[in-house]
Amino acid sequence: MQLVGQKGKTHTRVAACAALGLAAALLASGCSSEDAGSGRPGPQAAKQGPAGALANYSEQLKRAETARLAAVKKWGLAKAPLLAPPAPAVKPRITNRPGFETDGGDSLPPVFTTVPTKDKIVFLTIDDGAEKDPTFLKMMQELRIPYSAFLSDYLVKDNHEYFKKMQGLGVTLNNHTINHRYMPALSYEEQRHEICDQQDKIGQWAGKRPRLLRPPYGNYNEDTLKAAKSCGITAAPLWAEEAFTDHMEWREWDQDLHPGDIILTHFRGRADWNGTMPDMVRQVMKVITDKGYAVARLEDYV
């Protein structure tokens, strides 16, 4: 009888942990672990037992969603962004987009514009680093919209703190080379300087070397990918769409979103655009949400 009782308790704990894991995944959508917690109940919840822990976490989830919906109104979005599903337990296999291969084939980091998935999710990626708008950071944090940064050293070296704050909010800082040069015009050694020295620089000031490279302008050759691989790059995501403050530019013939598409935009403001980065967010999120898509975190899939 004692054995049966222990088994019943075990099942209760497993069920509670499964529910907590789902709640944690929902709460963590679009935010850092600092915001969402680890998915484990805190000391007070642990004292309450599995049922109390679940109730406590459900309340946290409810408060987080209430805050997110308030942020939607505060930041002037047309609709609340849809929540992405939990990240896959196993990342999908990423291969070169047909026509984007080099002679190195599968031995080199893959170049792609879309991540293989059946979920209606897209990925928001932001390049360069010229505009350092603190309002944008606050907006994305409060709305819990995930995004990935691809940084060029010559644009970010005057304000590492801005991007370290971004990193602290759960954003991954990726490689966009030292000087944003046209890579196919450079020798292998010149390309290696552009890519690998940026690996070192980001590793020094951000504490973590990137895994992802976006070659400037989306242009590359086999030397680009060989140089990237030599210093730790595992993939080279490009993009399927580009977002501006007042329109989208489409790569595909049907001018539409597709599951797993990567969207490009830039750290820019009124000097380059007819608007601000928050204006861009409002515009691109309207397109994404109207089409029934959610924004997921690229590094959870690549």
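Which strand gives the most to the lining of the second largest pocket? In this predicted model, that element is strand E4 (residues 172-175), which contributes three residues. The second largest pocket has a volume of about 210 Å³. Its lining consists of Gln 167, Val 171, Thr 172, Leu 173, Asn 174, Lys 208, Arg 209, Pro 210, Arg 211, Leu 212, Arg 297 and Glu 299. By class, five of these lining residues are charged, four are nonpolar and three are polar.

A search of the whole structure returned one cavity of 30 Å³ or more. The space in the largest cavity amounts to about 90 Å³. Its lining comprises 14 residues, and those nearest the centre are Pro 81, Leu 82, Arg 144, Pro 146 and Val 295. Eleven residues of this lining are nonpolar, two are charged and one is polar.

Two packed helices are described by the angle between their axes and the distance between the axes. For helix H4 (residues 134-143) and helix H9 (residues 277-290), the angle is about 35° and the axes lie 8 Å apart. On the H4 side the contact is made by Thr 135, Phe 136, Met 139 and Met 140, and on the H9 side by Met 277, Pro 278, Val 281 and Arg 282. The residues of this contact divide into six nonpolar, one polar and one charged.

The average pLDDT of the chain is 88, and 84% of the residues score at least 70. Over residues 1-41 the pLDDT is below 50, and this stretch has 41 contacts in the model beyond near neighbours in sequence. Where pLDDT is low, the predicted coordinates should not be read in detail.

How values were computed: Residues numbered from 1 in each chain as written. Predicted model: local features only at pLDDT ≥ 70, side-chain atom pairs only at ≥ 80, totals over all residues. Heavy atoms only, no water. 1 Å grid on protein atoms, 1.4 Å probe; cavity = no way out; pocket = protein on both sides within 12 Å on 5 of 7 lines; lining within 4 Å. Points joined across faces, edges and corners; volume = space filled by probe spheres on them. Nonpolar A, V, L, I, M, F, W, Y, C, P; charged D, E, K, R; others polar. Axes fitted to C-alpha atoms, helices over the stretch in contact; angles between N-to-C directions. Helix = DSSP H or I, 4+ residues; strand = E, 2+ residues; numbered from the N terminus. Contact = heavy atoms within 4.5 Å. pLDDT = per-residue confidence, 0-100.
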